[in-house]
Each structure stands twice: as structure tokens, then as C-alpha cells.
Amino acid sequence: MAAGDWSDSWDRVMARYQPGREQAIERMIDLIAARCDGRAPRVLDVGGGTGTLCSRLLARFPEAEVTLVDLDPVMLAIARASLPSSVEVVRADLRDPGWAALLPQSGYDAVLAIMALHYLPPDRLTALYAELAGLVRAGGFVANVDDMPEGEAAASASDDGSWDAWWAQVAADPVLGPAVVERARLFGDSASAEWHPPAEWHLRALKAGPVDEPAVVWRNGDQAAVVAFRPR
């Protein structure tokens, strides 16, 4: 299977578990467009996976400066093979407070995380929010889209088998198979936090960084987007 096909198949799997993902991506791109007023934006995609956000962004802003950060070797392999060479693809561990030193630049118009940060525990996510805000230029914004139920924190949806089936296909692929082996070595049995607090928790955590009043700008059921702007 070609790299672009792997990326498309991953999007189909994600659509089962994150039905608002495509809508959220479009909402974030609309927000970037509104803030940049026609000029090419500089965007950091945090936990960008196979590059769905980057692809959608470049379709609308072909001259955008885009950086994708992830740690998963499978996601990175697909992203590097399917995205144009203009996209900077960076391997970094968001659990490490020094991760931002690996970025090629700063002063981003937008720093976005789409359904990517729920594996981090509360203390680390709070610290990461401040780190992300520090990478944003004056007038830019940081945004996180994830499951943010209105009420008590919720667990992720149960798997219907498509997740395991997708990973089995990847493991059997002659190109991506070695990346699956590396992924197993890298992550081992380490468990994801799979922690989904309500949006109010995220808003409080964002307030600790150098940003204006954060707000919920999009919601689809339990999925929501919180955004905070750097003062101009």
C-alpha cells in the first residue's frame, strides 16, 4: 500500500472513534485563515500522526510553513512518505520537557493538537500547555481538540476490532513492518493515560500560560476545541 493510502486508511479508522475529527480540523483551519488574513501561516502540528491536519492545511494554504511533531515511528514513516518535502517532520517526545529544542523554528501563528494529548497525565499536560503557548507569536494561538465531556472525565470508546486490524496490516507491510517493531521497542507495555477531563479543566490549565482568556470554540458531542491567544 502506498504512503498516501496508509494515511487515508488511518483516517477511516479514526473516523470510527473520533467522528468529529474532520470537522474539528476544518474549524481550526478556518480559525487560522481568520487570524492570518490571507498570508501564509506558520503552523506547528503537535502529535500530528500521519499528517492529516498538515495535508488539509496545505490544500488551503500551499505556501504555509508547517512543522509536524510526533514520536510514533509508524506515524512518522507515513507522514514523511506522504507529505510534501516542505513540511518539517520532527521526532520528539512530548513527555520530555526539552522536546521543543528539536523544533526548526518558533514564532508560530498556530500550535495545534488534534486528538493527540489524552495520553499525557494531568501534571505533564498542564506544563505542556505553557510550553506550547511559549512557541506562539504575539496574536497567534494554541489549540487542543480532544474528547472533553461536559461533566466527569470519561474513558475512551471501546475498540470494535478495526484498530487491531489496521495495526496487523501495518505490521505485515514490508516497508512499515520494521517501524512497528521499533514502535513496540519504544513504547513496550507503557500505558496511555487515556485521560479525558471536561473542557473546564483544559481552560484552567491554559490560563497558567502566557495567553489571553481561553475559550471553547467548537463542540461536537463529547469532542471539543479549546483555544487561547497570545496577546498582541
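**Ground rules.** I am working with a predicted model, so I keep local features only at pLDDT of at least 70 and side-chain atom pairs only at pLDDT 80 or more, while totals for chains, interfaces and linings use all residues. I number residues from 1 along each chain as its sequence is written, and my side-chain values use heavy atoms, with hydrogens and water left out.

**Buried or exposed, R21?** I started with R21, which is buried at a relative accessible area of 10%. For me, buried means under 20% relative accessible area, exposed means over 50%, and partly exposed is in between (1.4 Å probe, protein chains only).

**Salt bridges.** I call it a salt bridge when a side-chain nitrogen of Lys or Arg is within 4 Å of a carboxyl oxygen of Asp or Glu. By this rule I get 14 salt bridges.

R21 pairs with D11, and their closest N and O atoms are 3.0 Å apart. My helices (H or I, at least four residues) and strands (E, at least two) are DSSP runs, numbered from the N terminus. D11 is buried as well, with a relative accessible area of 11%.

Next I looked up R39, which forms a salt bridge with D109, the closest N and O atoms being 2.7 Å apart. This pair links distant parts of the chain: R39 is in the loop between helix 2 and strand 1 (42-46), D109 is in strand 4 (residues 108-114), and the two are 70 residues apart. R39 is partly exposed at 36% relative accessible area, whereas D109 is buried at 6%.

Then I checked R42 and E65, whose side chains meet in a salt bridge (3.2 Å, N to O). R42 belongs to strand 1 and E65 to strand 2 (residues 65-70), 23 residues apart. R42 is partly exposed at 22%, and E65 is partly exposed at 36%.

I also found that shared partners join D11, R21, E22 and R56 into one salt-bridge network.

**Positive phi.** Which phi value does D37 have? I find it near 50 degrees, a positive value in a residue other than glycine. D37 lies in the loop between helix 2 and strand 1, and is exposed at 69% relative accessibility.

M115, also not a glycine, has a positive phi near 50 degrees. I place M115 in the loop between strand 4 and helix 5 (122-134), where M115 is buried with a relative accessible area of 7%.
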